Amino acid sequence: GIDWAADGKSLLVNANNVLTQVFLDTQQKTYPLEHPVLVLFQWDSKNNTTILLIRVKGVLKIVEYHLDTKELNELTDQKALWALRSDDGRLIYKDHLKQFWQPGPVEPQLIKPLKQQGGKAKSFIINDNIIYDINDENQLWSYDLNSNTFEILGEVRSGVDNLSDINKEQLLLTVQISAKKEVVELTTSE
């Protein structure tokens with residue numbers, strides 16, 4: 001995981017299960033945690049908080065980690081492919097069945113209008129309290145968390161791996177142009 005600071009002057013990187021802030025002038029600042037960081041989902045550089053997937057005693061947990069105070073708050077121990085906070089602070093996550101959830105008062109709540117919209121990518125985007133993703137039919141869609149409205153915005157070409165970023169006028173998509181796989185056989189003789 002890599003996430004840019006809001007001011008564009010540094011990156012927060014999850015490398016070798018450790019969070020490191022890398023500044024444009026090549027300085028680095030490491031944030032050691034007692035548990036390995038498996039995925040950096042999101043960095044709110046203004047509040048200096050992160051949403052992470054960590055492993056605690058063999059159990060995967062989505063946590064919020066405050067980089068300044070080193071405070072770790074468990075958000076859920078549900079299995080998740082991707083998780084983000086909305087602009088108003090709601091945690092939204094996509095599970096291994098590609099269903100969207102948000103924590104509820106007692107148990108997680110399925111976002112029912114998004115039941116078959118998970119698509120092949122594990123990630124999704126939230127901008128202005130609106131979730132954006134691409135479904136299996138290569139349709140770009142949005143779901144407004146405030147009004148609970150779902151909308152198909154258009155189609156993207158096949159081969160788009162995921163939606164990387166969005167603003168009011170433009171999309172940033174990740175497209176796989178080519179892939180090369182090689183098989184190697186290693187044999188030893190006495």
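Author: Start with a cut-off: a residue counts as buried when its relative accessible area is under 20%. Keep in mind that this is a predicted model.

Reader: Is His35 buried or exposed?

Author: His35 has a relative accessible area of 18%, so His35 is buried, since buried means under 20%. His35 sits in the loop between β4 (28–31) and β5. Not counting residues up to four places away in sequence, His35 touches Ile54, Arg55, Val56 and Leu72.

Reader: What should I expect of nonpolar side chains?

Author: In soluble globular proteins, nonpolar side chains tend to be buried together. Here the largest nonpolar core has 22 residues. Phe41, Ile62, Ile92, Phe100, Ile111, Phe124 and Ile131 have the most contacts inside this core.

Reader: Which elements give two or more residues to this core?

Author: These are β5 (37–44), β6 (49–56), β9 (82–85), β10 (91–94), β11 (100–102) and β15 (139–144). Apart from this core lies another, of 13 residues, including Leu19, Trp43, Leu52 and Ile54.

Reader: Which residues is Phe124 in contact with?

Author: Leaving aside neighbours within four places in sequence, the contacts of Phe124 include Trp82, Leu84, Ile92, Lys94 and Phe100.

Reader: How do β9 and β10 run, and how many bridges join them?

Author: β9 and β10 run antiparallel and are joined by 4 bridges.

Methods
Residues are numbered from 1 along each chain as its sequence is written. This is a predicted model: local features need pLDDT of at least 70, side-chain atom pairs count only at pLDDT 80 or more; totals for chains, interfaces and linings use all residues. Side-chain values use heavy atoms; hydrogens and water are left out. A nonpolar core is a set of buried Ala, Val, Leu, Ile, Met, Phe, Trp, Tyr and Cys residues joined through side-chain atoms within 4.5 Å. Buried means under 20% relative accessible area, exposed over 50%, partly exposed in between (1.4 Å probe, protein chains only). Contact means heavy atoms within 4.5 Å. Two strands pair if DSSP finds at least two bridges between them.
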